[in-house]
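Here is a short note for a colleague who has not seen this entry before. Please read the points with the structure open.

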Amino acid sequence: MSIIYFLIGCSVLLALVFLGAFFWAQKNGQHDDMYTPSVRILLDEQPLDETEK
């Protein structure tokens, strides 16, 4: 029965770590631009120079 208490403590600790990582990412602007990454694959590549052909 004591293993249940240990696993509950581990899961709460892990949840707090992930919650801290989420707030850290939110503070540093990881979720500010939600549009550009989804359309980046649709943008054309830069044209090659004539000397590189």
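**Notes on the chain**

1. Just after H1, Gly29 adopts a positive phi of about 85 degrees. The model is a predicted one, and this value, like the others below, is computed from it.

2. The chain holds 2 helices and 0 strands. H1 covers residues 2–27, and H2 covers residues 36–39.

3. The UniProt record, an unreviewed entry, places a "transmembrane region" at residues 6–25. In the model, residues 6–25 are 100% helix and 0% strand.

4. Which residues make the nonpolar surface patch? They are Met1, Ile3, Ile4, Tyr5, Phe6, Leu7, Ile8, Val12, Leu16, Leu19, Phe22 and Phe23, and the patch comes to about 1,300 Å².

5. Leu19, one of the patch residues, sits in helix H1. Its relative accessibility is 42%. Buried means under 20% and exposed means over 50%, so Leu19 counts as partly exposed.

6. Of the 53 residues in the chain, 2% are buried.

7. Thr36 belongs to helix H2. With a relative accessible area of 30%, Thr36 is partly exposed, because that value lies between the limits of 20% and 50%. The side chain of Thr36 also makes a polar contact with the side chain of Asp33, at 2.8 Å.

Technical notes: Residues are numbered from 1 along each chain as its sequence is written. This is a predicted model: local features need pLDDT of at least 70, side-chain atom pairs count only at pLDDT 80 or more; totals for chains, interfaces and linings use all residues. Side-chain values use heavy atoms; hydrogens and water are left out. UniProt positions are given in the numbering used here, feature names are shortened, and annotations may be inferred rather than shown by experiment. Helices (H or I, at least four residues) and strands (E, at least two) are DSSP runs, numbered from the N terminus. Patches are made of residues with over 30% relative accessible area and no salt bridge: like charges are joined within 9 Å, nonpolar side chains (Val, Leu, Ile, Met, Phe, Trp, Tyr) within 5 Å. Accessible areas come from the Shrake-Rupley method with a 1.4 Å probe; for residues, only the protein chains shown count as cover. A salt bridge is a side-chain nitrogen of Lys or Arg within 4 Å of a carboxyl oxygen of Asp or Glu. Buried means under 20% relative accessible area, exposed over 50%, partly exposed in between (1.4 Å probe, protein chains only). A polar contact is a pair of N or O atoms within 3.5 Å; within protein, one must be able to donate a hydrogen and the other to accept it, and residues adjacent in sequence count only if both atoms are side-chain atoms.
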